[in-house]
Amino acid sequence: MTVHMNQQKNICKNHTEVKLYKRYFYQQLFFLAHFVLLVSFNELFADGTITPSVKKIKLGVDVLIENDFDIIENKKILLLTNTTGRTSSGQLTVEEIQRSKKCEIIGLLTPEHGFFTTVPAGQSVNDDIIFGLKTYSLYGNSRKPDSKLLKSCDAVVVDIQDIGIRSYTYISTIFKTMQSCAENGIPVIILDRPNPLGGEIIDGNIVETGKDSFVGIAPISYIHGCTIGELAEMFNNERWLNPKNPDKSKCSLTVIKMVNWKRSMTYEETGLQWWPTSPHIPTVNAVRGAACLGIFGELGIINIGIGTTLPFQYVGSPDFKTEIINDDIKMLKLQGIHFNPTKFQPFYGMYNGKLCDGFFLTFTNDKNFAPYTSGILFFSSLIKYYPNMFDRGKLKQNSIDMFNKVTGSDAVLDALINKKSINDLRKICNKGLDNYRKLRQKYLLYD
């Protein structure tokens, strides 16, 4: 009897322990699941690629697809694009249009760097056959489609990712294509995309009268703060395409707008994948760095990250006086950009294989970020330690000419050569900006 009662007690005790163990097990499982979910959520939003409050962006091409390609149905089209022309899910626009069978693509038009964005800057791009389509280069023997080609189509469709910098030639190719379409009575359809620098940052002098070129196609600021659709509207309605021929100074233009894009968005906040627009623009931070340092690549006076794995984010040289220059940089109180002392070694290009002292550029989301002005002020601070850096006698004339084309003015280089004050430099590198800001306001398509 005693043994039996002891067995009963043990059974009850074991049963209670099992219940307690189960309760403990499920509690731990709950906390583990909660922890994993919390970590996953934090990781999802930690890099800034997606934010909980942002609705999914629909690009111009997404809207075109959503509307069942109605605007190009049964048409013969030429498509100005490259590998950056993709849907928000990453599908190539040319393939989406081909699969739809709603229209006939009679050819592709490609800008500088070619369809796959691998051709180095300034290097001629050849005609080709891609996806079974004849591909016509607009950065070879000609910078715009010829009349014979245009007259064989019903419309030109444009889907290409600009980087928000005036001297980047994609907007010049769009301008020249619109110009040719205006001359030949061919409609243009722009599939709009975000400006990776955002839609609020405007910085830099406008192109002076008579200084226009393929790296300064129109009188806009260096950092223009527009989408390609907004620029196209400006080019067209300001009649810049053919100012000497009023009858052919405007084309039939349709901009297919994005949905849910806001001017205040960084590119990371759009949740969109970045596709390299050229060999030295592999990331969005490369865009920001190019906006700061790009113009000085024309002079060849210092390495600006070309030849490294992070182009336009390094700046320096083997004899760079990083520590003492750093004090001067801090005094400039530049916003949205940080110059971090470092060392780097280019794999090719300027100082190939040599260890360089200098800075690594990082960026923060700041509406007062003025990349063009920041770059000029940064280089002006170097003159104290490198007085011959902007010695006109030591600079190659073709480098001077190219720098002046890119800046749209002779005044910027002259100011650096003559060691103008910071206040004078700010005025010079933002000349005409107020008038441009007012003009631009008329063509903004997004809040």
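The model is predicted, so local features are given only where pLDDT is at least 70 and side-chain atom pairs count only at pLDDT 80 or more, while totals for chains, interfaces and linings use all residues. Residues are numbered from 1 along each chain as its sequence is written, and side-chain values use heavy atoms, with hydrogens and water left out. The chain holds 14 helices and twelve strands, where helices (H or I, at least four residues) and strands (E, at least two) are DSSP runs numbered from the N terminus. Of its 447 residues, 51% are buried, a term that stands for under 20% relative accessible area, with exposed meaning over 50% and partly exposed in between (1.4 Å probe, protein chains only). Among contacts with a separation of 6 or more, 74% join residues 24 or more positions apart, a contact being heavy atoms within 4.5 Å.

- Helix α5 runs over residues 170-184, and its 15 residues reach 21 Å from the first C-alpha to the last, close to the 21 Å expected at 1.5 Å a residue; the expected span is 1.5 Å times one less than the number of residues.
- This helix is mostly covered, with 13 of its 15 residues buried, and after α5 comes G185, whose phi is positive, near 70°.
- Two packed helices are described by the angle between their axes and the distance between the axes.
- For α5 and helix α6 (residues 228-237) the angle is about 45° and the axes are 11 Å apart, where axes are lines fitted to C-alpha atoms, for helices over the stretch in contact, and angles run from 0 to 180 degrees between N-to-C directions.
- The two helices α5 and α6 are therefore oblique to each other, given that angles under 35 degrees count as roughly parallel, over 145 as roughly antiparallel, 65 to 115 as roughly perpendicular and the rest as oblique.
- The α5 and α6 crossing is right-handed, which is the name used if the near helix is turned clockwise from the far one by less than a right angle, anticlockwise being left-handed.
- From α5 the contact draws on I171, I174, F175 and M178, and from α6 on I228, L231, A232, F235 and N236.
- Those contact residues of α5 and α6 comprise eight nonpolar, one polar and no charged, with Ala, Val, Leu, Ile, Met, Phe, Trp, Tyr, Cys and Pro counted as nonpolar, Asp, Glu, Lys and Arg as charged, and the others, Gly among them, as polar.

- The axes of α8 (residues 284-293) and α10 (residues 371-382) come within 6 Å and cross at roughly 55°, which makes α8 oblique to α10.
- On the α8 side R288, A291, C292 and L293 take part, and they meet P371, Y372, G375 and F379 of α10; the residues of this contact divide into six nonpolar, one polar and one charged.

**Two strand residues**

- V156 is found in strand β5 (residues 155-159), and V156 is buried, with a relative accessible area of 0%.
- Residues up to four places away in sequence aside, V156 touches L78, L109, L150, T177, C181, I186, P187, V188 and I189; P187 is 31 residues from V156 in sequence, yet their C-alpha atoms are 6.4 Å apart.
- S317 belongs to strand β10 (residues 314-317) and counts as buried at 2% relative accessibility.
- Apart from neighbours within four places in sequence, S317 is in contact with I302, Y351, C356, D357 and Y386.

**Residues with some exposure**

- N260, in the loop between β9 (253-256) and α7 (267-270), has a positive phi of about 75° although it is not a glycine, and N260 counts as partly exposed at 28% relative accessibility.
- K333, in the loop between α9 (322-332) and β11 (337-344), has a positive phi of about 50° although it is not a glycine, and K333 is exposed, with a relative accessible area of 70%.
- D414 lies in helix α12 (residues 411-417) and is partly exposed, with a relative accessible area of 30%.
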